[in-house]
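Trainee: I have a structure to go through and I'm new to this. Can we take it step by step?
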Amino acid sequence: VWLAAYGLFALSENSMVLSAAIFITLIGLIIYLHFVKIDQESLLVIGSLGIQVTSSYASGKESTTFIEMGKVKDVVINEAIHMQKVIYYLCILLQDPEDPQGVSEVVPLFQSSKPRLDCLIEVYKSCQEILEQRTTPPQSS
Amino acid sequence: MVLKVFFPSCCSSADSGVVIGRWLSEQSSAVVLAVLHFPFIPLQVKHYLGELQRATKVKVSVLGSWSNSKQEKEERLSEFLEDLGTIFCHEPWIQISKEGDSKFWSCSTLQKNSNNPKEEEIILVYYDQRKVMLSHLHPPLHTADGRAEDASRLSAIFDTVARSRVLFLTDRYDEGPIRLTHWQSEGVEASILVELLKQASVPACLLLTGLLSLLSGICRSRVLKFWPLSFLWSKLSTCEQLGHRLQHLQVVSSNRKAQTQTQLMRKANIFVSLLIDVALGMLLMSWLYRKNRIGHLADTLIPVADHVAEELQDLLQWLMGAPAGLKMNRALDQVLGRFFLYHIHLWISYIHLMSPFIEMILWYVGLSACLGLTVALCILSDIIALLTFHIYCFYVYGARLYCLKIYGLSSLWRLFRGKKWNVLRERVDSCSYDLDQLFIGTLLFTILLFLLPTTALYYLVFTLLRLLVVIVQGLIHLLVDLIDSLPLYSLILRLCRPYRLAAGVKFRVLEQQDGKPLRLLMQINPLSYGAVVQTYRLPTYSCYPRDSWASLCKKLFLGELIYPWKHKGEKQD
């Protein structure tokens, strides 16, 4: 952007072009930090309430999604073939309200941080521990 | 199953008492609505709860006990609280106690008829009562007044708090047998302005409804339905816009209270949109009339029209010569060129005839901008259409000529090859022609073929001009649509009170201590701006491109007349 602006300035002898270019770069940077660059992603699993996925951007903005436990069918590790390699990602399977055996939606997790398989396996094991508890209903009361 | 207690954060510092709320057994969660303080008579409490249940249709009951002891733990109080469990017999009886100023509370449950008494895990979730009461979950579930068995947990909780508004109307200054603590117990919130507006709005609505019915009666009368007038009304976009706004006014001024959330938001959106529209229109009007700009505008209008006509004449002269080095058929060129030149001459004299009245007309037309900015924009679009009417005429002439030529050419080309179009079977069949038919056909074909570049050029030039005008008009209409359909009230609500439009909730884990229940803070996750606009968009008579690019190009090639913007009828919702 700055190269083009300098070229324009050399042509038009108007210093406003340079300051406009600086302004545009600053605005672009702010937009990038606020909407595009994700600093950290976290997953909170509460056995009886649900699963909460948070991503926090570099500018401090946080975007959260909460999925109730009733809608969650399972948490699995999926494989995908991307260009020349195979990548693994963790995802939540949501239940179809009409068809109890079917899956209505797949929510991928950790899209920006893309942790590797060993990391994903640990997270997967902890998730499964909690999810198993909810499928055994209490006998008392 | 894990027991979840939803505790309002406003009751954290309340005195000891019993907690009342709703117990959702299928989710094993307790929604605490208020704390009832000592002293109370259990019979009166049950009576009060029965009344409340009838009023709100929410199954409110005494859920447990709450003890807030400023000093050390009092043994007698805890026994007393346990005895209360027998009086109010709720299964399970929840006991929450807070010591001093500690943040960590201890929670326990008492189960009487349980086969295997075990320590149940309890999760404490704090929520802001006022915000949850006022917020609406999206997407809204269509539940009737009865219980929805498959309602999600969160909507059940929101529903409970929202329907218990009656409970929150008693504050601590009320002289009753019951002393409650909830978010409004310091004093019921009300605002004088809102009350005054509510009182004033009823007669205003009646008046407005009366006026509007009169107006719509006049509009629909038979006088205006005769053929030339109705054709005119349908062509002018201003009338459509005015009709649209009239309908909006009718919706806003109707006397029935809005039943559901969506209806309320729609009414509010229409009202705010109308207000902003009229305000912007007044602003525009004041700017126009400030320094007699209307006079200046009218003065510059005639020279601009003249200038446009002169440019067109120059263009035609250029076409009549050798445009872009192409050699035209001299005779046809002159004919077409002279025809169009005469047309322009007529147009110019018409404009000059009108010129003394232009200023007055513009002045009165400008007054109608006070009806709203959208009306002013529509008038602008109509004025542009009227001023460029001659371009439209030229386009129609050129297109018809070109179309005829293309059809003739295609049919004669078939004759050239010995084929014919079979109308019955809609396909091309071979046919044997007589010699003189073939001779004349070939002659005509050659003539048309060599005259093609001339007509094609004229057609191209006028089509481009017409497309330019159409694009400008389309942009104006898009702007009008934007102003019409933007849900401003919802956007402002999302900006200032984001908890009212909720897409969901978010939980935050608070500090933990071993042995104490898990503490979570439940906050409302507001809807994103894009979702707000999508949910609450106002329906408009929007105009969008009728044809796809491919069919547009095909029509242009064949010379069919194009009307690229299609106006939908009123959307029925």
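Trainee: How many helices and strands does chain A have?
Mentor: Chain A has three helices and six strands. Here helices (H or I, at least four residues) and strands (E, at least two) are DSSP runs, numbered from the N terminus. The pattern along the sequence of chain A is α-α-β-β-β-β-β-β-α.
Trainee: Why is chain A more spread out than a compact globule?
Mentor: Its radius of gyration is 23 Å, well over the 14 Å that the globule rule gives for 141 residues, so chain A is more spread out than a compact globule. That radius is taken over C-alpha atoms, and the rule is 2.2 Å times the number of residues to the power 0.38. Along its principal axes, the C-alpha trace of chain A spans about 85 × 40 × 30 Å.
Trainee: What should I know about the model before going on?
Mentor: This is a predicted model, where local features need pLDDT of at least 70, side-chain atom pairs count only at pLDDT 80 or more, and totals for chains, interfaces and linings use all residues. Residues are numbered from 1 along each chain as its sequence is written, chains are lettered from A and ligands numbered from 1 in the order in which they are written, and side-chain values use heavy atoms, with hydrogens and water left out.
Trainee: What share of chain A counts as buried?
Mentor: Of its 141 residues, 26% count as buried. Buried means under 20% relative accessible area, exposed over 50%, and partly exposed in between (1.4 Å probe, protein chains only).
Trainee: Is A:F110 buried or exposed?
Mentor: A:F110 is buried, at a relative accessible area of 16%.
Trainee: What about B:E426, what is its phi?
Mentor: The phi of B:E426 is near 55 degrees, a positive value in a residue other than glycine. B:E426 sits in the loop between β10 (419-422) and β11 (427-430) of chain B, and counts as exposed at 60% relative accessibility.
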